[in-house]
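Please look over the sequence and the structure shown below before reading on.

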Amino acid sequence: PGSGRTYVRIRKMAVGRGLSMLALVNDGTLEPGERVLTFDYMGKRYEADLLADGMIFWNDEKYSSPYAWASQCKNLVNPDHKTGIGWGHIRYKGIKLSQYKNIYLKKHHMLADSDGEVSEIPSTQEEITIGPKKRRKRKQYAVDVSSFRIKEEPQENISFATRTCVVLPERPASSVLTGSVQTPPLLHCSTPDSIGVPEPFAVSVMSNVLLLMDFHSHMAQVEVMGYLGGTFDSNTKVLEVLQAFPCLCEAHQSAKWEQEIQASMLSRGLRLVGWYHSHPASEPRPSENDVLCQQKYQGVMLSGEGGVPCIALITSPNLHGKLASTQTLIKGFWVLSFDVETTPKVLPMELSFTTTWEQYLTQDVVDEMGTLAAHYRNRPNAMDFKSIWKDGCTLLTKLKTSLSAVQPRFPQENSNETFMGYVEQLVQ
């Protein structure tokens, strides 16, 4: 009281979504063994070996994550059923993997996540200070995204690209609320079915990734962008997007923040799997520059160590109110390259993905939302959330409506109201 600070109680969750089986094996939380992993689905039990390198061995195939293995088992029985599979669905020696994960997180002074029941390890809460006088100390990336420009660079000069990351495209500034810059022509994406090709891989995106991208897209009148961290299983062709890393950087600081993001990804057992950017006032369809950039990134990442695919997600927050939707539209695409009479051609392809719903905000998302709000608050291209979006609806109401579609499915009845109050505090 009287300190000028506002306290909002938010359930914390650590970075367990990016935790690998290898980390638990190296830590001694799990021990390799034969048939120590089980997965029950539709009355049938599947058993697999846990190897010393953290891989899961089943039916003469190796899987890099519990999700990849369980998804393969599920697809054998019911391939058309879309459902989220987490650590809580798989057991190690009869006990849910999520409980072992929570033991690991607690041991390393990290907060237990909610992938399954955690009756033995109570969940914790912490008061997060939101206010002008005190914030959690963390490095904040300084950026003015209006400085981004299209820059043609030879592929070999892309720093931090050949193994883990790629430099994002630089883009022209656009003040969408004043209409000072025209939106470049957008391209229509083909679907795999329409041209008779299979989807190259399946994509699963955590709901907290969509939430952070949506929030980021509402922060400025210009395009924003960021990286996507996750995992890829080359056996099952399953790509999981586990965390978003918003980009906040001046051009001359790019090498430094790339190293920080790379270190952040590696510390979570993640690798780069794609990138995202926003179209503030237009549909989530790629422009010609988007396609050329995506083609470059795909080439770099597929030729790098491990041959990881690269996906692109586009968010359309409809800040100008030209579209019908109040909620942000999010679409994915990739690029198909081919030759026509010896002439190289590229075709943007629609990329579908499934959403894996979380029950809580991760602490990473809470931190990133605070960093984003603080970064854009006093910038000339920042959004005024008290202003009218359209039809008497304020931008704040529009933001909260959009976030409600991708927010965690909180188990507590009052958590939705608490979360929206937290959002309102951030953007005031």
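Phe-57 stands opposite Lys-62 in strand S5, where strands are DSSP runs of E with at least two residues and helices are runs of H or I with at least four, both numbered from the N terminus. This is a predicted model, in which local features need pLDDT of at least 70 and side-chain atom pairs count only at pLDDT 80 or more, while totals for chains, interfaces and linings use all residues. Residues are numbered from 1 along each chain as its sequence is written, and side-chain values use heavy atoms, with hydrogens and water left out.

**The sheet**
- Strand S4 (residues 56-58) pairs with S5 in the antiparallel sense over 3 bridges, and two strands count as paired if DSSP finds at least two bridges between them.
- An open sheet of 6 strands runs in the order S5-S4-S3-S2-S6-S7, with antiparallel pairing.
- Strands S5 (61-63) and S7 (95-96) stand at the edges with a single partner strand each, so one side of each is left without a neighbour in the sheet.

**Aromatic rings**
- There are 9 aromatic pairs, meaning rings of Phe, Tyr and Trp (its six-membered ring) with centres within 6.5 Å, called stacked if their planes are under 30 degrees apart, edge-to-face if over 60 and tilted otherwise.
- The rings of Phe-39 and Trp-69 are edge-to-face, because their centres lie 6.2 Å apart and their planes stand at 65°.
- Phe-39 belongs to strand S2 and Trp-69 to helix H2, so this pair ties together parts 30 residues apart in sequence.
- Ring pairs link Phe-39, Tyr-46, Trp-58, Tyr-63 and Trp-69 into a cluster.
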